[in-house]
Amino acid sequence: MIGIIFNPRTNKGTSVERMAHIRAILEERGIEFIYRETEHAGHAKELAKELADRCDVLVPAGGDGTVYEVVNGALDRDVTFFPLPMGSGNDICSTLGLKTLSDEELVDSLQNGSVSEFNYADLNGETASLILISFGIVTDITYQFAIKEETDKRGYFSTLLKALRLSRPRRYKLVTKEGEKEYFADFISVQNLPISGGGMQICPGASENDSLLDLVVVEHRNLVRKYLNVLALNGGKLNRQPNVHYEKLRYVEIIPEENEMYCIDGELDSTERAVIRLGGRNLRFIRR
């Protein structure tokens, strides 16, 4: 049985008609499914727990945040995931080759696509991340976009520039199996995918199924270098910058000077210590 969990508010509600069309295709093909819509933040996680007892395939229909909730709701269940690209970023769907497919092609993939393994990062033994766990500039940008509608009507670039202007470098202690090291950094991230934030190439060497996580540290040099790094990030060339450190690992602790906001798969939270390790097993995702 297939369980569909749809966030009708994703992408400002523009995906409602598309979801109705996909449901119609499923019905035409005689594919049985259970359909649920989310009503509030965190509801997809609750629905995933419920449907995982009745379904062997869960279909998060929304953005990466919906996938994040559904996976965390069914993390301990024997299910396969098939996300539908209904959000604005859809980094997970892009990784799986699903982002640009037509509705008919998506249903074809659901029926006949291959199943592949997908690593995840375990945060503090409580939460699974499929994309990234980050501190610093990317978190500040995510925060400004999260509050934009509550504050004013600025466009994309104005909001981005405000986030960059307000972002400040911070001190962090990082603990790995190799020892401890301190950084004064604009940005620290643990990546599971090469892309984040709707396709930004943060870590080209990352892979969702290599059984490794990728640590990215952008050390602070000066204000000019900060803006040059952002330009390089938008151009997919962050890995070529002189103040950027990359490392593949399975375990890292990120300890900020004080309780600090961070971003996990596009969602915001705060912590005094982030203990991040490779998840204990691989998840199953259907891809094109």
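Is asparagine 243 buried or exposed? At 2% relative accessibility, asparagine 243 counts as buried, because the cut-off for buried is under 20%. One word of caution before we go on. This is a predicted model.

Let's stay with that asparagine. Where does asparagine 243 sit? Its place is the loop between helix H8 and strand E15, and E15 covers 244-249. Now look at what surrounds asparagine 243. Leave aside the neighbours within four places in sequence. Asparagine 243 is then in contact with Val217, Val218, Glu219, Arg221, Arg225 and Asn229. The backbone oxygen of glutamate 219 lies 2.6 Å from a polar atom in the side chain of asparagine 243. Asparagine 243 and alanine 185 are 58 residues apart in sequence. In space, C-alpha to C-alpha, they are 9.5 Å apart.

Next, helix H8 itself. H8 runs over residues 223-234, and leucine 223 lies in it. Is leucine 223 buried or exposed? Leucine 223 is exposed, because its relative accessible area is 55% and the cut-off is over 50%. Here is another pair for you to find. Leucine 223 and leucine 193 are 30 residues apart in sequence. Their C-alpha atoms are 28 Å apart in space.

Now two helix pairs. Start with H1 and H5. H1 covers residues 16-28. H5 covers residues 103-112. At what angle do H1 and H5 pack? The angle is about 50 degrees, and the axes are 10 Å apart. H1 and H5 are therefore oblique to each other. H1 passes H5 in a right-handed crossing. Which residues make the contact? From H1, we have Arg18, His21, Ile22, Ile25 and Leu26. From H5, we have Asp103, Glu104, Leu106, Val107 and Leu110. Sort the residues of this contact by type, and you get 6 nonpolar, 1 polar and 3 charged.

Let's zoom in on one of them, aspartate 103. Aspartate 103 is in H5. With 10% relative accessibility, aspartate 103 counts as buried, because that is under 20%. What does aspartate 103 touch? Not counting residues up to four places away in sequence, aspartate 103 touches Arg18, His21, Ile22 and Ile25. With histidine 21 there is also a polar contact. The side chains of aspartate 103 and histidine 21 are joined by a polar contact of 2.7 Å.

H2 covers residues 43-51. H3 covers residues 64-73. The axes of H2 and H3 come within 7 Å and cross at roughly 40 degrees. H2 and H3 are therefore oblique to each other. H2 passes H3 in a right-handed crossing. On the H2 side are His43, Ala44, Lys45, Ala48 and Lys49. They meet Thr66, Glu69, Val70, Asn72 and Gly73 in H3. The residues of this contact divide into 3 nonpolar, 4 polar and 3 charged.

How many residues of H3 are buried? The count is 10 of its 10 residues, so H3 is mostly covered, with buried meaning under 20% relative accessible area. Among the buried residues of H3 are Tyr68, Val70 and Val71.

Val70 and Val71 bring us to phenylalanine 81. Phenylalanine 81 touches both of them, along with Leu58, Ala74, Arg284, Phe285 and Ile286, not counting residues up to four places away in sequence. Phenylalanine 81 lies in strand E4, which is residues 80-81. At 2% relative accessibility, phenylalanine 81 counts as buried. Phenylalanine 81 and leucine 26 are 55 residues apart in sequence and 17 Å apart in space, C-alpha to C-alpha.

Last topic: backbone angles. Most residues other than glycine have a negative phi. Here are two residues to check against that. Lysine 12 has a phi near 60 degrees, a positive value in a residue other than glycine. Asparagine 90 is not a glycine either, and its phi is positive, about 60 degrees. Where are they? Lysine 12 lies in the loop between strand E1 (2-6) and H1. Asparagine 90 is in the loop between strand E5 (84-85) and helix H4 (91-95). Now check their accessibility. Lysine 12 is exposed, with a relative accessible area of 71%. Asparagine 90 is buried, with a relative accessible area of 4%.

Key. Residues are numbered from 1 along each chain as its sequence is written. This is a predicted model: local features need pLDDT of at least 70, side-chain atom pairs count only at pLDDT 80 or more; totals for chains, interfaces and linings use all residues. Side-chain values use heavy atoms; hydrogens and water are left out. Helices (H or I, at least four residues) and strands (E, at least two) are DSSP runs, numbered from the N terminus. Buried means under 20% relative accessible area, exposed over 50%, partly exposed in between (1.4 Å probe, protein chains only). A polar contact is a pair of N or O atoms within 3.5 Å; within protein, one must be able to donate a hydrogen and the other to accept it, and residues adjacent in sequence count only if both atoms are side-chain atoms. Contact means heavy atoms within 4.5 Å. Axes are lines fitted to C-alpha atoms, for helices over the stretch in contact, and angles run from 0 to 180 degrees between N-to-C directions. Angles under 35 degrees count as roughly parallel, over 145 as roughly antiparallel, 65 to 115 as roughly perpendicular and the rest as oblique. A crossing is left-handed if the near helix is turned anticlockwise from the far one by less than a right angle, and right-handed if clockwise. Ala, Val, Leu, Ile, Met, Phe, Trp, Tyr, Cys and Pro count as nonpolar, Asp, Glu, Lys and Arg as charged, and the others, Gly among them, as polar.
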